[in-house]
Amino acid sequence: MNAEARAALAQAKARLDGLDWWPRPVATRRVRLLTVPWLFRLPWFRRFDGYATWGTILLRVPVSEAPADLVTHELCHVWQMQHRPLRMPISYLVVGYADNPYERQARAAASLTAAGSPRSGPGS
């Protein structure tokens, strides 16, 4: 992972560290941030700009073009999976995407920590 990706992850982590939603802060030591535009041409992924797995965040665009809110949103999903490694991904099968509480939480994390937000955390 290059320095730009490491910096984007560090910024997103700093934003999430201002939230106390889970017992432990998000661990980023083993998280990778990758740009894989070909993946987002596949039918399932076309609707997304980013996608998180347990230890990887995949982006449609290069890190330099990715909004900080998107990286924060996806890192929040990694954080959720660090605390609920099975329940979180399975919830998308049971509840769906639009009304999923984990999705709402990730959106809130980006919104609440955005620069200029009244509740923005460190690094915003």
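How many bridges join β2 to strand β3, and do the two run parallel or antiparallel? The views below start with that pairing, in what is a predicted model.

**View 1. β2 meets β3.** Three bridges link β2 with β3, the strand of residues 56-59, and the two run antiparallel. Look for Ala 52: its bridge partner in β3 is Ile 57.

**View 2. The open sheet.** Here the three strands line up in the order β1-β3-β2, with mixed pairing. β1 (32-35) and β2 (50-52) are at the edges with a single partner strand each, so one side of each has no neighbour in the sheet. From one strand to the next, the twist averages 20 degrees.

**View 3. A helix across the sheet.** Helix α2, residues 68-83, lies across β1, β2 and β3. Its direction makes an angle of about 15 degrees with β2.

**View 4. The largest nonpolar core.** This core has 26 residues, and those touching the most other members are Leu 16, Leu 33, Ile 57, Leu 59, Leu 75 and Trp 79. At least two residues come from each of α1 (3-16), β3, α2 and α4 (101-112). The most come from α2, which gives seven.

**View 5. Around Ile 57.** Meet Ile 57 again: among the residues it touches are Leu 9, Leu 33, Tyr 51, Val 71, Leu 75 and Val 78.

**View 6. Confidence along the chain.** The pLDDT averages 93 for the chain, and 93% of the residues score at least 70. Residues 120-124 are below 50. Where pLDDT is low, predicted coordinates should not be read in detail.

Definitions and conventions
Residues numbered from 1 in each chain as written. Predicted model: local features only at pLDDT ≥ 70, side-chain atom pairs only at ≥ 80, totals over all residues. Heavy atoms only, no water. pLDDT = per-residue confidence, 0-100. Contact = heavy atoms within 4.5 Å. Pairing = 2+ DSSP bridges. Helix = DSSP H or I, 4+ residues; strand = E, 2+ residues; numbered from the N terminus. Axes fitted to C-alpha atoms, helices over the stretch in contact; angles between N-to-C directions. Core = buried A, V, L, I, M, F, W, Y, C linked by side-chain atoms within 4.5 Å. Buried < 20%, exposed > 50% of the residue type's maximum accessible area, 1.4 Å probe, protein only. Lists of a residue's contacts leave out its neighbours within four places in sequence.
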